[in-house]
Amino acid sequence: MTAANYCSVQLIKDGFELNAEFEIPQKGVLGIFGHSGSGKTTLLRCLAGLEDKASGRIIFNDCEWLNDKKSLSSQQRNIAYVFQDSRLFPHLTVLKNLQYGVKRSASELQYNWDSLLQLLNIENLLERKPETLSGGEKQRVAIARSLLKNPQLLLMDEPMASLDAAHKNEIIPYLETLHETLNIPLVYVSHSLQEVSRFCDRVLVLESGKVIYSDTVSKALSSADSPLLKTQNAVAVFDAVVSELDAEFCLSSLITDNGTVLQVKGLHEAGRKLRLRINAADVSLSKSRVVDSSILNILLAKVVAVVDETDSEVLLQLSVNEDIFLSRISKKSFSLLNLTIDSDIFIQIKGVVLQSLLD
Amino acid sequence: MLLPDLGPLLLTVKLAFISTSVLIVIGTPVAWWLATTRCRIKPFAEAIVALPIVLPPTVMGFYLLILFSPQGALGSFWYELSGQALTFNFFGLVVASVLYSLPFVVQPLQSAFESVGKDLMEAAYTLGAKPLDAFFSVAVPLAKRGYLTAIVLGFSHTLGEFGVVLMIGGNIPGETRLISIAIYDHVESLEYAQAHTLSLILLAFAFVSMLLMYLINQRSKA
């Protein structure tokens, strides 16, 4: 492989064998998804240089981090790592914690200190000691601390795993904003499909220490061969840019990379990239374009495949300009509509859920 | 009445001060290694470090005397190097005290380093700190109470040593005549008043240092 950022690591530790090979993207968020014990954290630690017994080859930005002859230590790899348990230094104030990495960074800071603190909403915590912070605050400080170290690659190990639902909701918007603004690649380890579908651009599925699947998040959630295609509660996700606004009815039109246009409620900033989420259960089908319907988004699609079948329902893949939608309909409707692969059909989307809602 | 005894008192404080300083310097890497190693010889190393706690001081003094004497392994080497013997002088006392008080410094440091753990050290590495930098900026400040305990214990323990000192130091005024030996001398010559004065000083000091240590530890639990 000759990709610029490439990682192939092997490690045997406590009877567990990790053997993973993948490309690290130049930009965007790579999710590493897997159940507990699948080796996600170990893989991330190998990338970070925290496992000294790891072997293989890691090349990042034309720099050999690991090969047969050498293994760069963590501090030589120019990474930053957000741990599950934040790991703030208890003897230092929040401010000193933030400065720890800044002082030791070789390169000029590419983030504006004030705006980053504002973005993560921690400007008022600077004089506090970590022990006085809530779980969510700790994790926000840890994220800021890692970014202020000015890394070339950011690694996050289930940053929300130790938080309760309320604190998760406190962090999610910040991670979504980071996803939009970050200009370095981020590797995000998670066992939550919801997190992966919200922040990640690509996803790599790990099972028993091996990469069993790797693709874009949209494909991973909608392809029949993907282990992430949930037959229950299936969803399709799309990244789309706000293209037109309808002030009268307070609607925004969004266009995907493939040119599919969808309307959502609310006025959003033109040009802004948003992630849309459409549940398979919210997509119904019709042979002809229904004109007297309350549904805003009606698109002409082609049937691609039947990806799942139960006694009473079928899950269909439908393509519009190469964007894959999922629809769950009853077996009876499927039979009445007389659908086959490549049939043309109108899809009616009842609900489009926006994911980046930070304004 | 007190004046002639000021010598042993000052000598003892000087010995304790020098020994404790040397112990902190030597004890730190030993304790760090013991706290972090997964090497199989760790229990052996721990047992050797802990020996002075259970060994009768005279036994240790006896072996050190043999080792330090100008014919002994260490003593002859030192004699070649410096032209001086290791026995019956102040320098020999420092070496002996360091060995004798080693567990009292290493053990609190080791447990302090163990409670720092590797997680925070890893966090420091990923933030760009080199190992030595991470050690001084994270491990040492977090082991602060361990250091205070080690200093108090190392200092007080050196202050009170008797058996080892008697075996290898003897009783040379201004050179090896320490406070505990002076007390012994006074009692032998039935000078109870002088023995009282010196003993009270040691008793008061011992109590204050133990109190200090427990106050430090209590605050760390609170």
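I began with strand β11 (residues 235-246) of chain A, which pairs with strand β14 (residues 273-279) of chain A in the antiparallel sense over seven bridges. Strands here are DSSP runs (E, at least two residues) and helices are runs of H or I of at least four, numbered from the N terminus; two strands pair if DSSP finds at least two bridges between them. The model is predicted, so I noted that local features need pLDDT of at least 70 and side-chain atom pairs pLDDT 80 or more, while totals for chains, interfaces and linings use all residues. Residues are numbered from 1 along each chain as its sequence is written, and chains are lettered from A and ligands numbered from 1 in the order in which they are written.

**Entry 1: around β14(A)**

I looked up the bridge partner of Phe238(A) in β14(A) and found Leu276(A). Leu276(A) also has a bridge partner in β20(A), namely Leu354(A). Strand β20 (residues 353-354) of chain A runs antiparallel to β14(A) and is joined to β14(A) by two bridges.

**Entry 2: the four-stranded sheet**

I then traced an open sheet of four strands of chain A, in the order β2-β1-β4-β5 with antiparallel pairing. Its edge strands are β2 (16-23) and β5 (63-66) of chain A, each pairing on one side only. On average, neighbouring strands are turned by 20 degrees against each other, direction ignored. Axes are lines fitted to C-alpha atoms, for helices over the stretch in contact, and angles run from 0 to 180 degrees between N-to-C directions. Within the sheet, β1 (residues 6-13) and β4 (residues 55-60) of chain A are joined by five bridges; Tyr6(A) stands opposite Ile59(A) in β4(A).

**Entry 3: helix α1(A)**

Which strands does helix α1 (residues 40-48) of chain A lie across? I found β1, β2 and β4 of chain A, with the helix running at about 120 degrees to β1(A). Eight of the nine residues of α1(A) are buried, that is, 20 or more other C-beta atoms, placed from the backbone, lie within 10 Å of their own. Among them are Leu43(A), Leu44(A), Leu47(A) and Ala48(A). Gly49(A) follows the helix with a positive phi, near 80 degrees.

Contact means C-beta atoms, placed from the backbone, within 7 Å.

**Entry 4: domains and chains**

Chain A is divided into domain 1 and domain 2, with bounds from an automatic or database domain assignment. Their C-alpha centres lie 33 Å apart. Seven residues of domain 1 and 10 residues of domain 2 make the contact. On the domain 1 side, α7(A) gives the most, four residues.

Between the chains, 13 residues of chain B are in contact with 18 residues of chain A. I recorded α5(B) as the source of the largest share of the chain B side, six residues.

Notes. Two residues are in contact if their C-beta atoms, placed from the backbone, lie within 7 Å. A residue is buried if 20 or more other C-beta atoms lie within 10 Å of its own, exposed if 12 or fewer, and partly exposed in between; C-beta atoms are placed from the backbone.
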